[in-house]
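Work through the exercises below with the sequence and the model side by side. Each task is followed by a solution in steps.

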Amino acid sequence: MSNGGSGRIAAREQRVEWMKGLNLFSNVFMSVALRDTAACQHVLRTLLGVPDLHIRTVRTQYRVSRLVSKDSELDVLAEDEEGLLYSLEVQRADTVDHARRVRYYGAMIDSEFLEKGKRYQELPDVYLIYVSETDLWRYGLAAYPVHRCFQNLEHCEDGMKILYANAAVDDGSERARMLRYFRTADPEDRSQGALSDRVHFLKAEEGGQKEMEDVVERIFQEGVEEGMEKGIERGQSTKEKRVVFRMLARGDKMEDIIDISEVSPEQIEQWKREWEAEKD
């Protein structure tokens with residue numbers, strides 16, 4: 001008798017336990033948690049210090065596609081009742097050029113929301129918020145607001161604002177307390193209002209765990225299908241490799257590929273080189 005069923009049961013139980021350990025610096029968990037409007041609104045209110053901010057629309061993993069230039073996938077794109085856009089990016093690793101990444105995301109949003117024939121003054125105002133686990137700029141600040149200005153003069157207002165915030169520095173603010181919660185995402189910690197409600201639902205309630213399980217299972221299944229489409233030979237490939245190929249094709253972050261595939265960073269780098277060669 002085959003023991004495949006037992007293997008599948010054990011694999012499912014492992015994924016459930018893995019999901020319970022995720023925090024809000026995991027792209028997978030964060031995208032599911034913040035697709036809830038109330039949870040996203042709480043995060044934006046706290047980060048920006050605007051308690052009466054009202055969000056009407058939220059999209060997570062919002063992809064901006066271009067024919068000849070690099071695609072982008074925004075972690076969270078939200079719009080308030082006044083039409084102001086908010087792009088929230090959560091970054092775990094300190095391995096990229098963060099300032100240029102933010103610059104590129106801003107350019108992609110601008111090009112996405114200015115239709116042909118429209119005037120430049122019709123560009124929506126945008127708030128770019130970049131949240132990291134570490135203090136990227138190493139000045140010991142919990143938050144770094146960025147304002148464009150003329151040299152030695154007042155601000156140059158162009159409708160784009162940038163905020164870098166990190167969980168490494170605790171300045172005693174509500175923002176710092178929430179980002180500390182980002183690191184734990186403890187379902188029993190109810191200190192963060194609608195965000196805590198959402199995390200508790202996803203981690204501790206049956207309906208929420210099913211929602212998370214469906215997301216993870218879909219990523220695994222897409223990985224299998226993508227691997228088959230690319231013609232990866234079964235004898236030379238594992239299910240994990242197919243998952244990694246699929247996530248690379250989606251542009252997922254390296255830390256999330258490591259979390260979901262449970263493959264070593266060194267092995268993923270090797271497979272990434274294979275994937276890039278095959279893509280070219």
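**Exercise 1: the strands**

Strand 2 (residues 72-80) and strand 3 run antiparallel and are joined by four bridges. Helices (H or I, at least four residues) and strands (E, at least two) are DSSP runs, numbered from the N terminus. The model is predicted: local features need pLDDT of at least 70, side-chain atom pairs count only at pLDDT 80 or more, and totals for chains, interfaces and linings use all residues. Residues are numbered from 1 along each chain as its sequence is written, and side-chain values use heavy atoms, with hydrogens and water left out.

Solution. 

1. Strand 2 and strand 3 form a hairpin with four residues between them, and Gly83 in its turn has a positive phi of about 90°. Leu77 has Ser87 of strand 3 as its bridge partner.
2. Go to the other partner. Strand 3 (residues 85-91) pairs with strand 4 (residues 126-132) in the parallel sense, over seven bridges. Two strands pair if DSSP finds at least two bridges between them. Val90 stands opposite Val131 in strand 4, and Gln91 is opposite Ser132.
3. The open sheet has six strands in the order 1-2-3-4-6-5, with mixed pairing. Strand 1 (55-64) and strand 5 (143-146) each have a single partner strand, so one side of each has no neighbour in the sheet. The twist from one strand to the next averages 20°.

**Exercise 2: burial of strand 3**

Task: how many residues of strand 3 are buried, and on which faces do they lie?

Solution. 

1. Count first. Seven of the seven residues are buried, so strand 3 is largely enclosed by the rest of the structure. Buried means under 20% relative accessible area, exposed over 50%, and partly exposed in between (1.4 Å probe, protein chains only).
2. Then sort by face. In a regular strand the side chains alternate between the two faces of the sheet. Here Leu85, Ser87, Glu89 and Gln91 lie on one side, with Tyr86, Leu88 and Val90 on the other, and all are buried.
3. For the whole protein, buried residues make up 44% of the 280 residues.

**Exercise 3: the surroundings of helix 5**

Task: describe how helix 5 meets helix 3 and helix 6.

Solution. 

1. Take helix 3 (residues 37-48). Its axis and that of helix 5 (residues 174-184) come within 8 Å and cross at roughly 135°. Axes are lines fitted to C-alpha atoms, for helices over the stretch in contact, and angles run from 0 to 180 degrees between N-to-C directions. Helix 3 is therefore oblique to helix 5; angles under 35 degrees count as roughly parallel, over 145 as roughly antiparallel, 65 to 115 as roughly perpendicular and the rest as oblique.
2. List the residues in contact (heavy atoms within 4.5 Å). Helix 3 gives His42, Val43, Thr46 and Leu47, and helix 5 gives Glu174, Arg175, Met178, Leu179 and Phe182.
3. Turn to helix 6 (residues 193-204). The axes of helix 5 and helix 6 come within 12 Å and cross at roughly 5°, which means that the two are roughly parallel. Met178, Tyr181, Phe182 and Thr184 of helix 5 meet Leu195, Ser196, Val199 and Lys203 of helix 6.
4. Finish with burial. Arg175, Ala176, Met178, Leu179, Tyr181 and Phe182 are buried in helix 5. The elements they pack against include strand 3 and strand 4. Just after helix 5, Ala185 takes a positive phi of about 45°.
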